[in-house]
Amino acid sequence: MTRRSGPIATVLHPIRVLQLTDPHLLADTAGSLRGTVTHASLSRVVAHYRRSDWRADLVVLTGDVVQDYSARAYEHCRALLEPLELPVYCLPGNHDSRELMRAALSSEPFFYCEPVDIGSWRLVGIDSCAEGRHDGEIADRELDRMEACIREARERHVLVLLHHPPVQMHSEWLDRYGLVNAPQFLDRIDRHSNVRGIVFGHVHQCWDSERGPVRIIGSPSTCAQFAPRRSEFTIDDKPPAYRSIELQADGGIATEVIWVNDVH
Ligand SMILES: [Fe+2]
C-alpha cells in the first residue's frame with residue numbers, strides 16, 4: 001500500500017450535514033411572515049439542534065435566507081449561525097439579493113456557492129435563480145460550472161445543492177414557481193455517474209424520491225410550511241424544521257427531517 005507523506009487528514013464517515021433552508025429573515029427581528037416570527041423561528045431551530053445529540057460537520061443553507069432584500073436580515077443570519085462554529089455553505093433563493101447575500105455571507109465561516117470536498121464526497125452548491133422572478137432557471141454558465149465541479153471530482157461521490165426543485169411537486173400553484181430548465185439540469189446530471197444526490201429548498205415541505213441512482217431530497221423551512229399536493233397556496237400546520245443528511249463512505253445517503261415542536 002502506498003502511503004502519502006505528510007499529515008493525513010482523518011475524516012470519519014458518515015459526513016454529517018445540517019440543512020437549514022428558507023428562513024426568510026427580516027430586518028425587523030420581531031417581523032413575521034405568514035404568522036411566523038422568522039427570526040425567532042430560526043433561533044428555535046438552531047437551539048434545538050444545539051441541544052440534540054447529533055453533531056454536524058458542516059451546514060448547508062439552501063436559499064431564501066431573507067424576505068425583505070435587506071442587508072440587516074443577512075447580518076441576523078450571520079449572528080444566528082456563527083455560534084454553531086461550523087462552516088456554512090450557502091446559495092441564493094428567489095427571495096435573496098445576490099449582491100447583498102454575497103457581501104454578507106462570503107467570509108468565513110460562510111461560503112457562497114463554493115464546492116467543498118470532505119471525506120469521499122464533494123458538495124456542489126449552485127445558483128438556480130433568475131433575476132426578478134420567483135421560478136428558477138439555471139444559467140448555461142452555471143450549468144457548465146456545475147459540470148466542471150462534478151467532473152473534477154470523478155473519484156468522489158457528489159451531492160448537488162440548489163434552491164429550486166428539479167422535480168414536479170404535484171402542487172399546481174407551487175409548480176408554477178419550479179425550475180423551468182429542470183430537464184436540461186437533469187440531462188447534465190445524467191452525464192456523470194458519480195452524482196448520488198440532489199438537495200433543494202423552496203418548497204417548504206418534505207420530498208424524498210429516487211431518479212435512477214440519484215436521490216432527490218427537498219426540505220421544510222425553518223419557518224412556516226406549505227401543505228403538500230394542493231392546487232392552491234395553503235399553509236400547513238407543521239412546525240419549523242431542519243434536516244440531517246449523513247453521507248456514507250460508499251455513496252449512500254441517510255437523512256431525517258427533525259420537526260421543532262418545542263417552545264423555549
Ligand atoms: Fe424560494
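How far is the sulfur of Cys-149 from the closest cysteine sulfur? The closest cysteine sulfur lies in Cys-113, at 10 Å, which is too far for a bond. Likewise, the sulfur of Cys-90 is 7.1 Å from that of Cys-113, its closest cysteine sulfur, and therefore too far for a bond. The structure holds zero disulfides, a disulfide being a pair of cysteine sulfur atoms within 2.5 Å. Cys-90 is buried at 2% relative accessibility, and Cys-149 is buried at 7%; buried denotes under 20% relative accessible area, exposed over 50% and partly exposed in between (1.4 Å probe, protein chains only).

The model is predicted: local features need pLDDT of at least 70 and side-chain atom pairs count only at pLDDT 80 or more, whereas totals for chains, interfaces and linings use all residues. Residues are numbered from 1 along each chain as its sequence is written, and side-chain values use heavy atoms, with hydrogens and water left out.

The iron ion has as protein donors Asp-64 (OD), Asn-94 (OD1), His-163 (NE2) and His-202 (ND1), at 2.1 to 2.3 Å. Donors are N, O and S atoms within 2.8 Å of the metal (3.2 Å for Na, K and Ca); water is not among the atoms, so sites may look incomplete. Along the chain, the donors are spaced as D-x29-N-x68-H-x38-H. His-163, in the loop between β9 and α5 (172-175), and His-202, in the loop between β10 and β11, are 39 residues apart and link distant parts of the chain. His-163 is buried, with a relative accessible area of 0%, and His-202 is buried at 6%.

An open sheet of six strands shows mixed pairing in the order β7-β8-β9-β10-β12-β11. Helices (H or I, at least four residues) and strands (E, at least two) are DSSP runs numbered from the N terminus, and two strands pair if DSSP finds at least two bridges between them. At the edges, β7 (116-118) and β11 (207-211) each pair on one side only. Strands β8 (residues 121-125) and β9 (residues 157-161) run parallel and are joined by five bridges; Arg-122 stands opposite Val-158 in β9. Helix α4 (residues 140-152) packs on the sheet, touching β8, β9 and β10 (195-200), and its direction makes about 175° with that of β8. Contact means heavy atoms within 4.5 Å; axes are lines fitted to C-alpha atoms, for helices over the stretch in contact, with angles from 0 to 180 degrees between N-to-C directions.
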